[in-house]
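I opened this entry to record what I looked up in the structure. My notes follow the order of the look-ups.

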Amino acid sequence: MRVPKSALLDKFVKLSEDGTFTASTPHSQKLTFGGMLNLRSLIIFMSHYYIGMQGVIAARYSFKRRQFTGRDGSDYPEALVIQYQMQQYKIVPSFSYSWMILLALNQIQAMYGKYNEELHKFEKGEKAEPFKILTDLHGIVSGFKALTTWDGEKYSETIKQACGGHGYM
């Protein structure tokens, strides 16, 4: 399949009619890389969303599910699962972790906004250093993405087990 040259996204690179590739700026690879950071921050946001959502589902389940005997030893009413400290210990941290991700992500997005401002100045020919911000931003976003996705898997498994493995996640 051939894609017409007019359909190529070539803001930072050029492709001639004979197929010669040239960069429009020596920083074209860095500029292209900057767009990937926005995608990585979206993955971080999705980690926040799903960890929080799983915590909500588990909490609702735990407030409805009754199990074992009542605290006074009688068979009725059975105790709510959320009344057990171990259940709380497994579910409640997902809420705080989800909020921590969101607060950190706000700082990351502020850095990305500063990068975009510097990039627009750079494109206009004004004095700006967007690539200095890009280096720091890359390290933070890459590390945080790895941390949140790894921990997201850990919270998913813990919460699933806290709900008795009933598959609500």
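I took helices (H or I, at least four residues) and strands (E, at least two) as DSSP runs, numbered from the N terminus. The model is predicted, so I note that local features need pLDDT of at least 70 and side-chain atom pairs count only at pLDDT 80 or more, whereas totals for chains, interfaces and linings use all residues. Residues are numbered from 1 along each chain as its sequence is written, and side-chain values use heavy atoms, with hydrogens and water left out.

Entry 1, overall fold. I found three helices and four strands in the protein. Along the sequence they follow the pattern β-β-α-β-β-α-α. I then looked up contacts, meaning heavy atoms within 4.5 Å. Of those between residues at least 6 apart in sequence, 60% join residues at least 24 apart.

For burial I used relative accessible area: buried is under 20%, exposed over 50%, and partly exposed in between (1.4 Å probe, protein chains only). Buried residues make up 30% of the 169 residues.

I looked up nonpolar cores, which are sets of buried Ala, Val, Leu, Ile, Met, Phe, Trp, Tyr and Cys residues joined through side-chain atoms within 4.5 Å. The largest has 17 residues, of which L37, I44, I101, I108, Y115, L137 and V141 touch the most other members. Helices α1, α2 and α3 (130-162) each supply at least two residues of this core. A second, separate core of nine residues includes A59, Y61, L80 and A162. Leaving out residues up to four places away in sequence, I44 touches I101, L105, I108, V141, F144, K145 and T148.

Is S98 buried or exposed? S98, located in helix α2 (residues 85-123), counts as buried because its relative accessibility is 5%. Its side chain joins that of H48 through a polar contact of 2.9 Å. Beyond residues up to four places away in sequence, S98 touches H48, I51 and G52.

I located Y50 in helix α1 (residues 28-64). Y50 is partly exposed, because its relative accessible area is 45%.

Methods: A polar contact is a pair of N or O atoms within 3.5 Å; within protein, one must be able to donate a hydrogen and the other to accept it, and residues adjacent in sequence count only if both atoms are side-chain atoms.
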